[in-house]
Amino acid sequence: MAFCLAGAHLSLHNLAYLLLAGSCLYVGGCYLGDAKDVAFDAKNKPTRPIPSGVLRASTVWVIGGLLMLTGLA
């Protein structure tokens, strides 16, 4: 809505980029939040992917950071 209120030309091409950027920022934030909460999850939710060993925290940090950079680009 802010895109339209700012007077930008709304085309499907622009909308697709906007939706992709927003999705990357949201999912990247979720990844980074999970990576930051490893100590809490290890104690309270040990079946989550990072504490259970399915994913390494460093991998989640990298993926989250790349998603955030993609969303910002």
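Trainee: Which residues of α2 and α4 meet, and what makes that a contact?

Mentor: In this predicted model, A21, C24, L25, V27, G28, G29, Y31, L32, A35 and K36 of α2 meet A57, V60, W61, I63, G64, G65, L67, M68, T70, G71 and L72 of α4. Contact means heavy atoms within 4.5 Å. By type, the residues of this contact divide into 14 nonpolar, six polar and one charged. Ala, Val, Leu, Ile, Met, Phe, Trp, Tyr, Cys and Pro count as nonpolar, Asp, Glu, Lys and Arg as charged, and the others, Gly among them, as polar.

Trainee: What rules apply to the numbering and to the atoms used?

Mentor: Residues are numbered from 1 along each chain as its sequence is written, and side-chain values use heavy atoms, with hydrogens and water left out. As the model is predicted, local features need pLDDT of at least 70 and side-chain atom pairs count only at pLDDT 80 or more, while totals for chains, interfaces and linings use all residues.

Trainee: Why is α2 called roughly antiparallel to α4?

Mentor: The axes of α2 (residues 12–36) and α4 (residues 57–72) come within 7 Å and cross at roughly 155 degrees. Angles under 35 degrees count as roughly parallel, over 145 as roughly antiparallel, 65 to 115 as roughly perpendicular and the rest as oblique, so α2 is roughly antiparallel to α4. Axes are lines fitted to C-alpha atoms, for helices over the stretch in contact, and angles run from 0 to 180 degrees between N-to-C directions. Helices are DSSP runs (H or I, at least four residues), numbered from the N terminus.

Trainee: What makes C24 buried and C30 partly exposed?

Mentor: Buried means under 20% relative accessible area, exposed over 50%, partly exposed in between (1.4 Å probe, protein chains only). C24 has 11% and is therefore buried, whereas C30, at 34%, counts as partly exposed.

Trainee: Why do A35 and D41 count as buried?

Mentor: A35, in helix α2, has 5% relative accessibility and so counts as buried. Leaving aside residues up to four places away in sequence, A35 touches I50, A57, V60 and W61. D41, in helix α3 (residues 38–44), is buried because its relative accessible area is 7%. With sequence neighbours up to four places away not counted, D41 touches D34, P46, R48 and P51.

Key
Helix = DSSP H or I, 4+ residues; strand = E, 2+ residues; numbered from the N terminus.
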